[in-house]
Amino acid sequence: LPSRVLVKYVERVLISEVNRVGVDINSLLNLKPSRALAILQYVSGLGRNRAAQLIAEGNERDGICNREELTEFLPKTVVRNAAGFIAIRPWHFDPMTLNIGLAANKRHIQWTDDHFARFQPLDATRIHPEL
């Protein structure tokens, strides 16, 4: 196969799998921005530019607390399209050790009492009735 055709098929698989599994935005914010962008850009409704914007805002805010915060810097239609594929959790799952810990234990996200007060439990799921 020519490389451009192969890249096209690999991107289709990435889009399909990222959206099948979903992403935990606060876990992604614990990665280097380039690595987070490599995953987040394949979420339906985002694309590369919106994903980069979400990463920049999320890092500036020390994490995302709920889906409503996304509408402060992304258009509502983009949030509505991507909401089912983005989970917002105050914890982090480490698949290497099978440990679940607060996101604050990772690189730079420091959840405060204010963050936890704004957290919405349904935002950790694919359910988004408010949108």
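Is E72 buried or exposed? E72 counts as exposed, at 54% relative accessibility. The cut-offs are these: buried means under 20% relative accessible area, exposed over 50%, and partly exposed in between (1.4 Å probe, protein chains only).

This is a predicted model, in which local features need pLDDT of at least 70, side-chain atom pairs count only at pLDDT 80 or more, and totals for chains, interfaces and linings use all residues. Residues are numbered from 1 along each chain as its sequence is written, and side-chain values use heavy atoms, with hydrogens and water left out.

**Overall layout**

The chain has 7 helices and 4 strands. Both are DSSP runs numbered from the N terminus: helices are H or I with at least four residues, strands E with at least two. Their order from the N terminus is α-β-α-α-α-α-α-β-β-β-α. Of the 131 residues, 37% are buried. Take the contacts between residues at least 6 apart in sequence: 62% of them join residues at least 24 apart. Contact here means heavy atoms within 4.5 Å.

**Helix α1 and the surface**

Helix α1 covers residues 3–21, 19 residues in total. From first C-alpha to last it reaches 27 Å, close to the 27 Å expected at 1.5 Å a residue. The expected span is 1.5 Å times one less than the number of residues. Just after α1, G22 takes a positive phi of about 85 degrees.

L6 lies in α1. It is partly exposed, with a relative accessible area of 44%. L6 also belongs to a nonpolar surface patch of about 500 Å², made with L1, Y9, V10 and L14. Patches take residues with over 30% relative accessible area and no salt bridge; like charges are joined within 9 Å, nonpolar side chains (Val, Leu, Ile, Met, Phe, Trp, Tyr) within 5 Å. The chain as a whole exposes about 7,700 Å², and carbon and sulfur atoms supply 57% of that area. Accessible areas come from the Shrake-Rupley method with a 1.4 Å probe; for residues, only the protein chains shown count as cover.

**Salt bridges**

Side chains of opposite charge can pair when their charged atoms come close. The structure holds 6 salt bridges. Each is a side-chain nitrogen of Lys or Arg within 4 Å of a carboxyl oxygen of Asp or Glu.

| Pair | N to O distance |
|---|---|
| R89 and D24 | 3.8 Å |
| E72 and R61 | 2.9 Å |
| R67 and D123 | 3.5 Å |

R89 and D24 meet in a salt bridge. R89 sits in the loop between β2 (86–87) and β3 (91–94) and D24 in strand β1 (residues 23–24), so the pair ties together parts 65 residues apart in sequence. R89 is partly exposed at 25% relative accessibility, while D24 is buried at 13%.

E72 pairs with R61. E72 is in the loop between α5 (67–70) and α6 (76–82), and R61 in the loop between α4 (47–60) and α5, 11 residues apart. R61 is partly exposed, at 25%. Both residues join E57 and E69 in a network of salt bridges.

R67 bridges to D123. The pair links helix α5 to the segment after α7, 56 residues apart.

**F119**

F119 is placed in the segment after α7 (113–118). At 16% relative accessibility, F119 counts as buried. F119 and R67 are 52 residues apart in sequence and 9.1 Å apart in space, C-alpha to C-alpha.
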